[in-house]
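Let's take a walk through this structure, one piece at a time.

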Amino acid sequence: MEKPIRSLTKSISWRIVATLTTILLVFAFTGDLVISGGVGGLEFLLKTVIYYVHERIWNTLNFGREQELKTS
C-alpha cells in the first residue's frame, strides 16, 4: 500500500504538467496571460485535491492487485 505522501507527490507532479497544458490552451484561445494564469492556478488547486482523494480511495481497493503471500 502506498503512503499518503507518495499519493500527494504524484498528485502535485501530475498537476504541474496538466496545469501548464491548461495555461497554454487558455492562452491560445484568449491571448491573455492573466486569464490563463488565473484559470491554471484555480485548476491546479482544485484538481490536486480531487486527484489526491481519488488516489487514496483507489489505494483502499484490492482491485487489480495480486494478493501477498504471508509467511510465518
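In which helix is Trp58 found? Trp58 is found in helix H2. Before going further, keep in mind that what you see is a predicted model.

Start with helix H1, which runs over residues 4–30. Helix H1 has 27 residues and reaches 37 Å from its first C-alpha to its last, close to the 39 Å expected at 1.5 Å a residue. After H1 comes Gly31, and its phi is positive, near 70°.

Then there's helix H2, covering residues 33–59. H2 has 27 residues too, and from first C-alpha to last it reaches 37 Å, close to the expected 39 Å. The N-terminal end of H2 has a cap in the form of Asp32: one of its side-chain oxygens lies 2.8 Å from the backbone nitrogen of Val34.

## Where the helices pack

So what do the buried residues of H1 pack against? They pack against H2, and the buried residues of H2 pack against H1 in return. On the H1 side, the buried residues are Ser7, Ser11, Arg15, Ala18, Thr19, Thr22 and Val26. On the H2 side, they are Ser36, Gly40, Glu43, Thr48, Glu55, Arg56 and Asn59. If you wonder about the spacing in those lists, an α-helix has 3.6 residues a turn, so residues three or four places apart point the same way.

Thr22 makes a handy example. Thr22 sits in helix H1 and counts as buried because its relative accessibility is 19%, under the 20% cut-off. Leaving aside neighbours within four places in sequence, Thr22 is in contact with Val39 and Glu43. With Glu43 there is also a polar contact between the side chains, at 3.1 Å.

## Salt bridges

How many salt bridges does a search of the whole structure find? The search finds three. As background, side chains of opposite charge can pair when their charged atoms come close.

One of the bridges joins Lys10 and Glu55, with the closest N and O atoms 3.1 Å apart. Lys10 is in helix H1 and Glu55 is in helix H2, so this pair ties together parts that are 45 residues apart in sequence.

Arg15 lies in helix H1 and Glu43 in helix H2, so here the pair ties together parts that are 28 residues apart in sequence. Are these two buried or exposed? Arg15 counts as buried, with a relative accessibility of 6%, and Glu43 counts as buried at 9%.

Lys47 and Glu43 both lie in helix H2, four residues apart, which is about one turn of the helix. Lys47 is partly exposed, with a relative accessible area of 41%. Through salt bridges that share partners, Arg15, Glu43 and Lys47 are joined into one network.

Which residues make the nonpolar patch? Val49, Val53, Ile57, Trp58, Leu61 and Phe63 make it, and the patch comes to about 610 Å².

Val49 is placed in helix H2 and counts as exposed because its relative accessible area is 53%, over the 50% cut-off. The C-alpha atoms of Val49 and Leu8 are separated by 8.9 Å, and the two residues are 41 residues apart along the chain. Trp58, the residue we opened with, belongs to helix H2 as well. At 40% relative accessible area, Trp58 is partly exposed.

Definitions and conventions. Residues numbered from 1 in each chain as written. Predicted model: local features only at pLDDT ≥ 70, side-chain atom pairs only at ≥ 80, totals over all residues. Heavy atoms only, no water. Helix = DSSP H or I, 4+ residues; strand = E, 2+ residues; numbered from the N terminus. Buried < 20%, exposed > 50% of the residue type's maximum accessible area, 1.4 Å probe, protein only. Patch = residues over 30% accessible without salt bridge, like charges linked within 9 Å, V, L, I, M, F, W, Y side chains within 5 Å. Areas by Shrake-Rupley, 256 points an atom, 1.4 Å probe, with all protein chains shown as cover. Salt bridge = Lys/Arg side-chain N within 4 Å of Asp/Glu carboxyl O. Expected span 1.5 Å × (residues − 1). Contact = heavy atoms within 4.5 Å. Polar contact = N/O pair within 3.5 Å; in protein donor to acceptor, adjacent residues only side chain to side chain.
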